[in-house]
Amino acid sequence: MPGDLHNHSTCSDGSVPIQRLPILAARVGLDTMAISDHDTLLSVQYGYDHPTQDGVKLIPATELTGYDYERQHRVHLLAFWPDPESPALRRHCDLMRQRRNECCLQSAREIEAIYPQFRTEQALEYAKDSGVLYKSGIMQALRELGLADSIYGETYHYLFGWNPRGVVLHSPEYIPVQEVLATAKAAGAVVVFAHPTVYKSMPLLRELVKEGMVDGIEIDHPSNSPEDRAECIALCEQYGLIRTGGTDFHGANHKKVHPVGTCTTPDDQIARIEELAHKRKK
């Protein structure tokens, strides 16, 4: 059976606790899942500690954030089977946790001045599992207070939008993508370039593929355009790359919700990930 290799829990910016995700995969007939929370070892360690849960095989994973400074956009890299003891990976996760927290705490303090009903402490209740305050946590608090009708609606764009820039948006300094790739490699991870359409990343992806810097591409994702998907399939065929699929599940914390199992990875590609990970651990 296929697997869903891109999911998020309350260990980052998802709305569902990590222990409740595997049963969702089991109920739709999947036998493999990767919980790939953002820039954290929590989902990695959970996968190692729970190799099988609810009849579902868990692949330890994290989604690492980098930045393409040439083209000015974020980059997401799925790292499967990384070594949780890797010093480089630990440094990356610690740094991103610190930077995200600083930015969101500053945003929350400024929101207190805009909405007198809001208090930062309420938003921090949504950071108990992750240890990181995310914008989605702030928005959940605002929605509870009747100050927003959705997580990623008009209020979100007013506060945190990119264009026009939100009134309280503070973006963390992201690590250059080449450095993040080196970190993933040092951790022995199998690296898959995530959802290239989301940040209009095809030019960067073409470069990385030619340089042999990624092991695979996320083909099936709710946000990938048909054109990008077709080119990514061609790149995988040309360079012998792994083809993955994942829903990018965030539960309620998503502009357009998609249930677990919306996008999946075939068995033969999961086997390729596991084989490559095994080779790198020798």
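**Close-up views of a predicted model**

View 1. Glu 275 is partly exposed, with a relative accessible area of 46%. This model is predicted. Lys 279 forms a salt bridge with Glu 275, and their closest N and O atoms are 3.8 Å apart. The two residues sit 4 apart in helix H10, so about one helical turn separates them. Lys 279 counts as exposed, at 52% relative accessibility.

**View 2. A salt bridge between Arg 280 and Asp 215.** Here the side chains meet at 2.7 Å, N to O. Arg 280 belongs to helix H10 (residues 267-281), while Asp 215 lies in the loop between helix H8 (202-210) and strand E7 (216-220), so the pair ties together parts 65 residues apart in sequence. Arg 280 is partly exposed, at 37%. Asp 215 is buried, at 16%.

**View 3. Arg 71 and Asp 68.** A salt bridge of 2.8 Å, N to O, links these side chains. Asp 68 is buried at 5% relative accessibility, whereas Arg 71 is partly exposed at 25%. Shared partners join Asp 68, Glu 70, Arg 71 and Glu 207 into one network of salt bridges. The structure holds 11 salt bridges.

**View 4. The largest pocket.** Its space is about 1300 Å³. The lining has 44 residues, and Arg 74, Tyr 152, Tyr 156, Val 198 and Tyr 199 lie nearest the centre. Elements giving two or more residues to this lining include strand E5 (73-80) and helix H3 (87-114). By class, the lining has 15 nonpolar, 20 polar and 9 charged residues. Domain 1 (3-92 + 173-281) and domain 2 (101-160) both contribute to the lining, so the pocket lies between them.

Conventions. Residues are numbered from 1 along each chain as its sequence is written. This is a predicted model: local features need pLDDT of at least 70, side-chain atom pairs count only at pLDDT 80 or more; totals for chains, interfaces and linings use all residues. Side-chain values use heavy atoms; hydrogens and water are left out. On a 1 Å grid over the protein atoms alone, a cavity is a set of points where a 1.4 Å probe fits but cannot get out, and a pocket is an open set with protein on both sides within 12 Å along at least five of seven lines; lining residues have an atom within 4 Å of a point. Grid points are joined across faces, edges and corners, and a volume is the space filled by probe spheres set on the points. Ala, Val, Leu, Ile, Met, Phe, Trp, Tyr, Cys and Pro count as nonpolar, Asp, Glu, Lys and Arg as charged, and the others, Gly among them, as polar. Domain bounds come from an automatic or database domain assignment. A salt bridge is a side-chain nitrogen of Lys or Arg within 4 Å of a carboxyl oxygen of Asp or Glu. Buried means under 20% relative accessible area, exposed over 50%, partly exposed in between (1.4 Å probe, protein chains only).
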